Amino acid sequence: MIEAQKGTRDILPGEIARWQLVEAQARATFELYGFREIRTPIFESTELFSRTIGEATDIVSKEMYTFLDRKGRSLTLRPENTAPVARAVIEHQMHRGAGLQRLYYIGPMFRYERPQKGRARQFHQIGVEVFGSEHPAVDAETLEMLMAFLESLGIAGAELAVNSVGCPVCRPAYREALLAYLRPHRDSLCEDCRRRLAENPLRCFDCKVPADQETMSAAPPITESLCAACRDHFARLVALLEALAIRHRIEPRLVRGLDYYRRTSFEVTVPGLGSQNALLGGGRYDGLIRDLGGPDVPGFGFAVGEERLVLSLPAAAAAAEGAPDIYMAAIGEEGVARALVVGRWLRRTGKRIVLEPQPDKSLRAQMRRAHDLGAAFVLIIGESEVREGSVTIRRMADGTQERVAAQRVEGRLREMAGA
RNA sequence: GUGAGUGUAGCUCAGGUGGUAGAGCCCCGGGUUGUGGCCCCGGUUGUCGUGGGUUCGAGUCCCAUCACUCACCCCA
C-alpha cells in the first residue's frame, strides 16, 4: 500500500474547519493593517536559500529538499518564505513605488527533518513581510497586529519575547566578547555547546543542559554590546510596545538561527506544544534585499507555524461543520432521476443539498443517513411520489411532514422552515 | 544523524507464565411491505507491521527490518 511520505500528512475534512478559521482570521486581520497577499513558487533556485539563510545553518547544511531538474539546474523546495518574497519584490521592482510594501503569505514549506510533535517535513506557515522602512514603529505595529491576530483566535498563554541581535557593525564584537567569556568554561560545557562554540556561540544560550544554563546566565548579554544605532532602535521599539500596552519580555538570550536577521528578533511561545513551544518567530532583516542584489531596502517580518497554531486553538474554536439543509431520499431509478431535477432547482435558491444515489437502499437507512448528516429537511421521492408527480417534505426537528406537488416544493419548504 | 517507546478489525483497545484471536464503536439487514434519534435481534470485518529463527505448536520467546510516536540536534 502506498502511504503518505514520512513527515507529511493529509488534513481531512473533519479537521479542516480549524485550518479555514485560522486562515480566514489571518487574512481579515492582516488586511485591516494594509497587508496584501503574495503567492510565490513552491521551489526556487537553491542559491536563493543558501546565500540568504546562511551556509552554516542547519536548514541549509542538512534540511533542504534539493534536486536537479532535467536541465541540471539545482532547485530547492522552499524551507521558508522570506527570501522568496524578497526575491519577488526585487524581480518586480515592487520597492520603487511610494511608501511601504506590506505582504502576507500562507502556504507549505519543506525541511528534511525527523518528525515529532509540532514538526513535519511539509509544514505550513502564515507569514508577513514589511519592506521599505527601518523605523521601529513598523516593528511595533506589526507586533501589535500579530498579538491581535492571536487574541482573535483565542490562543491562551502566548508569551512574546523580544531581543536585538545587533547588526554587522556590533555583532562581531559581541561574538568575540562572548567567546572570551566562554573559553575558560570550555571544559565544563556539554558536547553540543563545545561544537556551538566553533559554529555559532550565540546558540549556547539555547542549551537545555542545566549546568550550561547556569554558565550562560552569567554570560554578557548582547543588549550591552549593541552599537549606538542598534541600541537606539531597540530602546524606541520597547518604548512603543509599552505605549501600545503589548505584553512582552525582553530576552537578551533569544537568538534566532537565520543569518539575515538584524536588530529586532522575537518569538512567541505557547504551552501545550511539547518541546516545540515556539509558535512563531521573526525579526528585522535590513540587509536581505541588498544581499540579493537589490537596493538597500530594509525589511521586517514573522512566520507563524500553522500546524502549531491549529494545535493551540481552543477546543471550542472548531467551527460548526456545514450540515446540509436538505437530504434527498430517493427510491428507485425514477426517484433518483426526479431528485436530481428537484435538487437542481432548489440549489439555485441557495439550499445545501445532499443527494446520494442509492435507489436500492431502504428508506429507513436513508433516513438514518440524513439524521447523521444533520439535515434540517428530507425530501422523499419514492414510487408513489413519482407516480403522482409529488414530493414528500419531512422536517427532521419535529417529524412533521406533508406531500406536495413538485412545483410547490420551494414555497412550501420556505413556509415550513419559517414556522 | 542519535536515543526511547509503540505496532492485533475502518476507529479505540483487550489478549498473566507459548496451544492457532476478542470487545466496544462504526457499518449492513431486520423488528416498522416507505420514515431518523432510544431500544432489541442478527450479520460482515483481521496476511496479529514484515522477514527469519526457537518449538510438536508463536499474537505471545529471540534476531533483523520497516512504520509510527516522543525526545535530542535545530527550528515554525
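**Notes on helix packing and aromatic contacts**

1. In this predicted model, helix α1 (residues 13-32) and helix α5 (residues 136-152) have axes that come within 10 Å and cross at roughly 145°. The crossing of α1 and α5 is right-handed.

2. On the α1 side, the residues in contact are Val-22, Gln-25, Ala-26, Thr-29 and Phe-30, and they meet Met-145, Phe-149 and Ser-152 of α5. Five residues of this contact are nonpolar and three are polar, while no charged residue takes part.

3. With centres within 6.5 Å as the criterion for a pair, the count comes to 11 aromatic pairs. Phe-30 and Phe-35 are both buried.

4. Phe-30 also pairs with Phe-302, here edge-to-face, with 6.4 Å from centre to centre and 70° between the planes. Since Phe-30 belongs to helix α1 and Phe-302 to strand β11 (residues 299-305), this pair ties together parts that are 272 residues apart in sequence. Phe-302 is buried, as is Phe-30.

5. Ring pairs join Phe-30, Phe-35, Tyr-104, Phe-149, Phe-266, Phe-300 and Phe-302 into a cluster.

6. The charged end of Arg-121 sits over the ring of Tyr-112, at 3.9 Å from the ring centre. Arg-348 lies over the face of Trp-345, with 5.1 Å to the centre of that ring.

Note on methods. Residues numbered from 1 in each chain as written. Chains lettered and ligands numbered in written order. Predicted model: local features only at pLDDT ≥ 70, side-chain atom pairs only at ≥ 80, totals over all residues. Heavy atoms only, no water. Axes fitted to C-alpha atoms, helices over the stretch in contact; angles between N-to-C directions. Helix = DSSP H or I, 4+ residues; strand = E, 2+ residues; numbered from the N terminus. Left-handed = near helix turned anticlockwise from the far one by under 90°. Contact = heavy atoms within 4.5 Å. Nonpolar A, V, L, I, M, F, W, Y, C, P; charged D, E, K, R; others polar. Phe/Tyr/Trp six-rings, centres within 6.5 Å; stacked < 30°, edge-to-face > 60°. Buried < 20%, exposed > 50% of the residue type's maximum accessible area, 1.4 Å probe, protein only. Lys NZ or Arg CZ within 6 Å of the ring centre and 35° of its normal.
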